Amino acid sequence: MDRQAERRTTAAHTVPASMRAAVAARFGAPEVVQLRDVPTPQPGPDEVLVRVHATTVSIADHRLRAADLPRGLGFLRIVALGAFRPRKPILGMEAAGEVVRVGAHVTGFAPGDRVMVMRGGRMGCHAQYVTARAEGAVAAIPGSMSYEDAAALVFGGYTAVSFLDRVDLSEGTRVLVNGASGAVGTAVVQLASSAGAHVTAVTSARNADLVRGLGAAQVVDYAAEDFATGEDRWDVIVECVGNAPFSRVERVLAPRGTLLLVIADGPSMLRERAQSRRSGKLVTHTGSLFGTAAIEAVAAHAAAGDLRPVVDRTFDLDDIVAAHRYVDTGRKRGAVVVRVP
Ligand SMILES: NC(=O)c1ccc[n+]([C@@H]2O[C@H](COP(=O)([O-])OP(=O)(O)OC[C@H]3O[C@@H](n4cnc5c(N)ncnc54)[C@H](OP(=O)(O)O)[C@@H]3O)[C@@H](O)[C@H]2O)c1
């Protein structure tokens with residue numbers, strides 16, 4: 001169908017009063033997630049309503065579903081996740097789909113637009129419809145990219161552009177990515193290497209070819225070698241695993257280097273300012289690019305060919321429990337995509 005015809009079809013799209021959604025009504029194993037009919041959300045005046053075609057089950061969904069927070073952050077559980085059950089029972093941080101309704105104040109999007117959305121902590125994307133703030137993290141899907149590929153880009157790509165915004169990457173900048181085969185790591189490897197950086201990827205032997213194919217110049221098999229005890233030095237270390245705090249990597253971080261703690265426990269967060277002051281290096285657990293700017297950067301990198309989706313497995317929404325089970329193994333490569341019928 002050409003784009004014009006697609007738009008007309010979408011304009012005629014009737015939004016049902018209820019929709020299918022994957023609902024985690026309590027904390028626990030993957031089996032707590034159940035498919036239910038729930039009311040379809042209505043877009044506010046500044047929002048668009050998106051018919052979701054694809055989403056992913058990410059590590060964030062695992063954390064929220066299983067109440068699995070990094071060490072020392074348990075005190076945040078009630079505020080961040082909910083007291084007795086997930087406060088956001090429909091999980092899913094991101095989606096790709098088509099706009100089917102726009103609020104009265106929305107000018108930038110129209111029914112029929114193919115978009116990718118990052119709702120972040122608002123969740124709700126494991127469903128047939130989701131709303132998004134038109135001036136928030138919504139961007140047009142580049143070219144003819146499929147919804148599944150677009151959905152696969154968002155979680156890791158958004159996180160990667162947000163954290164890499166903290167550093168200047170140029171020809172020869174030495175970057176180490178710990179956890180290079182995950183959703184975030186695969187995006188960081190691609191973006192850093194396409195910026196000209198010399199990328200060292202820390203991963204297991206089975207993922208060595210994957211990360212080399214994404215642009216890594218050097219691969220460290222974490223089961224055979226400890227990157228933190230060798231003679232190499234890096235200007236930027238991107239920590240995506242949870243086992244490389246500043247205390248472990250300070251020695252191999254170049255003078256004035258940066259440690260980007262994509263994952264950090266409570267003690268690391270508390271110490272990062274003092275560690276930065278004392279060492280003259282930057283230690284941070286936050287990115288610096290968010291919202292529209294971040295999702296548009298993801299779309300632009302994808303359009304330029306700097307960022308390709310890495311899809312491990314694809315499940316139908318009906319099989320979302322199996323998708324959660326697979327993500328729970330901790331072994332996924334890139335994204336686990338969920339097709340939404
Ligand atoms: N701060 C933020 O805004 C933000 C945003 C997104 C994610 N995060 C956090 O960042 C972390 C990474 O997220 P993600 O989505 O990339 O996770 P992910 O996709 O679930 O990561 C899975 C990958 O981790 C690798 N891995 C496991 N143990 C490893 C080790 N010891 N050394 C190296 N690699 C190892 C696995 O490879 P092998 O099978 O080869 O071991 C697997 O491919 C998570 O903890 C997540 O909560 C934070």
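A residue counts as buried when its relative accessible area is under 20%, as exposed over 50%, and as partly exposed in between, using a 1.4 Å probe and protein chains only. Keep that in mind for strand β5, where Arg-114, Met-116 and Met-118 on one side and Val-115 and Val-117 on the other are all buried. The model is predicted, so local features need pLDDT of at least 70 and side-chain atom pairs count only at pLDDT 80 or more, while totals for chains, interfaces and linings use all residues. Residues are numbered from 1 along each chain as its sequence is written, and side-chain values use heavy atoms, with hydrogens and water left out.

- Helices (H or I, at least four residues) and strands (E, at least two) are DSSP runs, numbered from the N terminus.
- Strand β5 covers residues 114-118, and five of the five are buried, so the rest of the structure largely encloses it.
- Two strands pair if DSSP finds at least two bridges between them.
- On that basis, β4 (residues 94-102) is joined to β5 by five bridges, and the two run antiparallel.
- Look for Glu-98, which stands opposite Arg-114 in β5.
- Strand β7 (residues 138-140) also runs antiparallel to β5, with three bridges between them.
- Here Val-117 stands opposite Val-138 in β7.

**Gly-136, in a loop**

- You'll find Gly-136 in the loop between β6 (129-133) and β7.
- Gly-136 counts as buried because its relative accessibility is 6%.
- Gly-136 and Val-117 are 19 residues apart in sequence, and their C-alpha atoms are 8.6 Å apart in space.
- Contact means heavy atoms within 4.5 Å, and Gly-136 touches Gly-291 and Thr-292 if you skip residues up to four places away in sequence.

- Ser-162 sits in helix α4 and is buried, at a relative accessible area of 4%.
- A polar atom of the Ser-162 side chain lies 2.7 Å from the backbone oxygen of Leu-289.
- Apart from neighbours within four places in sequence, Ser-162 is in contact with Gly-287, Ser-288, Leu-289 and Phe-290.
- Thr-55 belongs to strand β3 (residues 47-57), and with a relative accessible area of 0% it is buried.
- The Thr-55 side chain reaches the backbone oxygen of Glu-94 at 2.6 Å.
- Setting aside neighbours within four places in sequence, the contacts of Thr-55 include Ala-95, Cys-125, His-126, Ala-151 and Val-336.

**Around the ligand**

- A residue is near a molecule if one of its heavy atoms lies within 4 Å of it.
- The ligand is surrounded by 24 residues, and the closest are Ser-181, Ser-204, Tyr-222, Arg-331 and Lys-332.
- Two or more shell residues come from each of α2 (59-66), α4 (147-164), α5 (183-194) and β9 (198-203), and α4 gives the largest share, three residues.
- A polar side-chain atom of Ser-204 lies 2.4 Å from an oxygen atom of the ligand, and one of Arg-206 lies 3.3 Å from an oxygen atom of the ligand.
- From Val-262, a backbone N or O atom lies 2.9 Å from a nitrogen atom of the ligand.
- On its own, the ligand has 920 Å² of accessible area, and the protein covers 84% of that (areas come from the Shrake-Rupley method with a 1.4 Å probe).

Technical notes:
A polar contact is a pair of N or O atoms within 3.5 Å; within protein, one must be able to donate a hydrogen and the other to accept it, and residues adjacent in sequence count only if both atoms are side-chain atoms.
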